[in-house]
Amino acid sequence: MKFDYEIKDINLATKGKLLSEWAANQMPVLASIRENFSKNKVLTGLRIGACLHITTETANLAITLKMAGAEVYLCASNPLSTNDSVAAFLVKNRIHVFAHRGENARDYYSHIKKVLSYRPQLLMDDGADLVSTAHKEEKINIIGGTEETTTGIHRLRSLEKNGLLRFPVIAVNDANTKHLFDNRYGTGQSTIDGLLRTTNILIAGKTFVVCGYGWCGRGVALRAKGMGANVIVTEVDPLRALEAVMDGYRVMPIKEASKTGNVFITTTGDKNVIRKEHFKVMKEGAILGNSGHFNVEIDIPALENLSQGKTRIREQVEEYRISKNRRLYLLAEGRLLNLAGAEGHPPTVMDMSFANQAKAAEYLKKSEGKLAKMVYPVPKEIDEGIASLKLKLLGIKIDALTKQQKTYLSSWTLGT
Ligand SMILES: NC(=O)c1ccc[n+]([C@@H]2O[C@H](COP(=O)([O-])OP(=O)(O)OC[C@H]3O[C@@H](n4cnc5c(N)ncnc54)[C@H](O)[C@@H]3O)[C@@H](O)[C@H]2O)c1
């Protein structure tokens, strides 16, 4: 049977190979897992359906799964995040890829359905579009799934709460070695990267509004502050708002922040965080970007309605004319700025995220039939094992508790 794939251009494979090898150099934890997996063939015979950003880091994960004996079917978790050369490189490595950069919504879902048509037994998702599409099918035979991001976990928990989840899912996002590094340092740096590549603005001296002070928002605010921006945070959670205040940021409602911001970045996982009444009071030249999972955080239909016309003035920059003297700029169609406008997270953090994915896949296979239809955390041994391995491979040693310290820390009798 013909090897099935749908990508832009297979001739881009050499470029994709070089880029993926560059990323591999900075992914030593995944490399060590790959060595073990390929020796022990821990995923032999398993069909894996994956819906992930098709980046150089994902290439290294997909190859790891393949070398462990799995058959991998991959589609994109965002229409704008596919690197076409990586897709070609993966096809050359006998990984079935169905994706191209800039695909429309119809193709996006037809690629997801294509992956599901191969009856995968394990689903690896980023945002839960693959899992939720699978849930609409009548017959599925899936041993489990893994979920990469916060928004996907929200959707899975909703399925679980409503008694609709049809197989166990491992919440990879919630592993400490994932969100503490990937969401914070990864999104922090790569969002700034996306902003700079798309606009080439000077960040120093700008008023920078970060919506949402979760893991991603903390990272974006920190990096913007480091480059000299005057950062404002907006929140709905009092605890996180307080944390932002004590971290040295101004905190205020988005309505207030809208009047002063030069750059707005949403990182909430929520909908219509910036909307009509906010666009109306924004300053001339304000720039709007999103690094939350879906393109719903900035109310784009409202922006379209409000504007008298729009022009694409740079590759990922749309100018909306609100009035004669006021223009607003939307980046990357409101989609993940760090992936659509740059290359996503650096491999050093994806090393840990994807180590969690690979180990979670092995765990699901080993636990086949033993898990309930629930959202599970990544087992602690896996999470801590990845942290220890990352440190070791970075050549960093830490102290160990002495016997006396262990006794002291587990005792209630020893006080002043
Ligand atoms: N760009 C990327 O590569 C990338 C990486 C990881 C996660 N994500 C996505 O980024 C989003 C945020 O992830 P996270 O891990 O930081 O989540 P999180 O839950 O840690 O933080 C989200 C924060 O947004 C706040 N919030 C919700 N609604 C709000 C509103 N209307 N106004 C202001 N604040 C609001 C919440 O109170 C919370 O503190 C999710 O969609 C996630 O999937 C993107």
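## Helix packing and a ligand shell: worked exercises

Helix α2 (residues 28–40) and helix α15 (residues 347–366) have axes that come within 8 Å and cross at roughly 25°. The model is predicted: local features need pLDDT of at least 70, side-chain atom pairs count only at pLDDT 80 or more, and totals for chains, interfaces and linings use all residues. Residues are numbered from 1 along each chain as its sequence is written, and side-chain values use heavy atoms, without hydrogens and water.

**Exercise 1.** Classify the packing of α2 with α15 and describe the contact.

*Solution.* 
1. Take the angle: roughly 25°. Angles under 35 degrees count as roughly parallel, so α2 is roughly parallel to α15.
2. List the contact residues (heavy atoms within 4.5 Å). From α2 come Pro-28, Val-29, Leu-30, Ile-33 and Phe-37; from α15 come Asp-351, Phe-354, Ala-355, Ala-358, Lys-359 and Glu-362.
3. Sort by class (Ala, Val, Leu, Ile, Met, Phe, Trp, Tyr, Cys and Pro nonpolar; Asp, Glu, Lys and Arg charged; the others, Gly among them, polar). The contact has 8 nonpolar, no polar and 3 charged residues.

**Exercise 2.** Describe the shell around the ligand.

*Solution.* 
1. Count residues with a heavy atom within 4 Å. There are 26; the closest are Thr-149, Thr-150, Thr-151, Glu-235 and Asn-338.
2. Divide them: 6 nonpolar, 16 polar and 4 charged.
3. Find polar contacts (N or O pairs within 3.5 Å). A polar side-chain atom of Thr-151 lies 2.5 Å from a ligand oxygen atom. A side-chain N or O atom of Glu-235 is also 2.5 Å from an oxygen atom of the ligand. For Ser-291, a backbone N or O atom lies 2.9 Å from a ligand nitrogen atom.

Note on methods:
Polar contact = N/O pair within 3.5 Å; in protein donor to acceptor, adjacent residues only side chain to side chain. Axes fitted to C-alpha atoms, helices over the stretch in contact; angles between N-to-C directions. Helix = DSSP H or I, 4+ residues; strand = E, 2+ residues; numbered from the N terminus. Parallel < 35°, antiparallel > 145°, perpendicular 65-115°, else oblique.
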